[in-house]
Amino acid sequence: MENKKLIFSGIQPTGTFTLGNYIGAVRNWGPLQDEYNCIYCVVDMHAITVRQDPVKLRQATLNSYALLMACGIDPEKSILFIQSHVKTHAELSWILGCNTQFGELSRMTQFKDKSQRHPDDINSGLFTYPVLMAADILAYNADLVPVGVDQKQHLELARNIAQRFNQRYGEFFTLPEPYIPKVGAKVMSLQDPTKKMSKSDENPNAVILILDDKDTIIRKFKRAVTDSDTEVCYREGKDGINNLMTIYSTVTGKDFASIESEFAGKGYGDFKLAVGEAVADHLEPVRTEFARLSKDKEYLKKCYTDGAEKALKYSQRIVSKVYRKVGFVDKG
Ligand code: TRP
């Protein structure tokens, strides 16, 4: 690979992404490919820390892979692979786990939240989840990791683990930094614009999925919760309208001032319809490309097989050095 900084990120195999995942994360990953070396993976091993139906997990992993490609990740430019295909992640995870304290893992807020939500399945994988995530990143010595705020604490832990390893065994790992995209917006629920848009929302009208068809997208935007005012303008307290303006602005490239003048004297109804249409049109090529890729199973398979091979080759070099450093005997 060329001498550029290395970006690594992983995404959960949910099968489809929300407009929030798309605008806040995945949409920015394509353009990064020119400026950086990029490695992206679908983290199916992380997914099984909560109960999964195996048939659905397999399908969702393949769909997520195809969807990343449909969103502009080019498997020729980046290394794009499925986590469980590359054994170095699990291997490194064991070693890093032996350099992570129980106390540190106990402080992870995601662990605390998830164990509250699944009190009947507080398995040790859920507890060591951040160690596997650190292994994902450190197995490539990544410089930068694009993550949302909910993953900041995990990334901080990955840095601490790397630092501790370096102190014990000599400078080796790069300390990964969070990558904050220049443009990136947080998308809120369409039904409660004070809450983040989340796939687990009980109300399906709150969430736009990037594979939703045009009619569905428009219907959901028409039902979006706003306020009792009538003016389309970005102002404190107008959470619903602010959210719609942010979305409209990211998909059309228009700034807030021009959106305000475009809708001056028009009602919320017109605005919501325009947002729905703009989003649906913007996502149309993603949907079309996803449908095309999904039919071409052979091609997909070739992409993820090649991706895994490249990822293994890259990470194997690093992980075998780690094996030496901790005192394992060379296999020869
Ligand atoms: N934990 C991340 C999430 O839930 C996914 C993830 C796994 C990840 N490994 C990673 C993100 C490594 C960045 C880097 O969103």
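1. A helix crossing is called right-handed if the near helix is turned clockwise from the far one, and left-handed if it is turned anticlockwise by less than a right angle. Keep that in mind for the helix pairs below. Also, this is a predicted model.

2. Take α9 (residues 214-222) and α12 (residues 268-295) to start with. Their axes are 8 Å apart, and the two helices pack at an angle of about 150°. Since angles over 145 degrees count as roughly antiparallel, α9 is roughly antiparallel to α12. As for handedness, α9 passes α12 in a right-handed crossing.

3. Now for α4 (residues 88-97) and α13 (residues 297-326). Here the axes come within 10 Å and cross at roughly 25°. The cut-off for roughly parallel is an angle under 35 degrees, so α4 and α13 are roughly parallel to each other. The crossing of α4 past α13 is left-handed.

4. On to the ligand. Which residues around the ligand come nearest? There are 13 residues around it, and Gly10, Tyr129, Met133, Asp136 and Gln151 are the nearest.

5. Some of these side chains have polar atoms facing ligand nitrogen. Tyr129 has a polar side-chain atom 2.7 Å from a nitrogen atom of the ligand. For Asp136, a polar side-chain atom likewise lies 2.7 Å from a ligand nitrogen. With Gln151, an N or O atom of the side chain is 2.9 Å from a nitrogen atom of the ligand. How much of the ligand does the protein bury? Taken alone, the ligand exposes 360 Å², and the protein buries 90% of that.

6. Where does the shell come from? The elements giving two or more residues to the shell around the ligand are β1 (6-11) and α7 (124-138). Of the elements, α7 gives the most, with four residues.

7. Last, the make-up of that shell by class: seven residues are nonpolar, five are polar and one is charged.

Key: Residues numbered from 1 in each chain as written. Predicted model: local features only at pLDDT ≥ 70, side-chain atom pairs only at ≥ 80, totals over all residues. Heavy atoms only, no water. Near = heavy atom within 4 Å. Polar contact = N/O pair within 3.5 Å; in protein donor to acceptor, adjacent residues only side chain to side chain. Areas by Shrake-Rupley, 256 points an atom, 1.4 Å probe, with all protein chains shown as cover. Nonpolar A, V, L, I, M, F, W, Y, C, P; charged D, E, K, R; others polar. Axes fitted to C-alpha atoms, helices over the stretch in contact; angles between N-to-C directions. Parallel < 35°, antiparallel > 145°, perpendicular 65-115°, else oblique.
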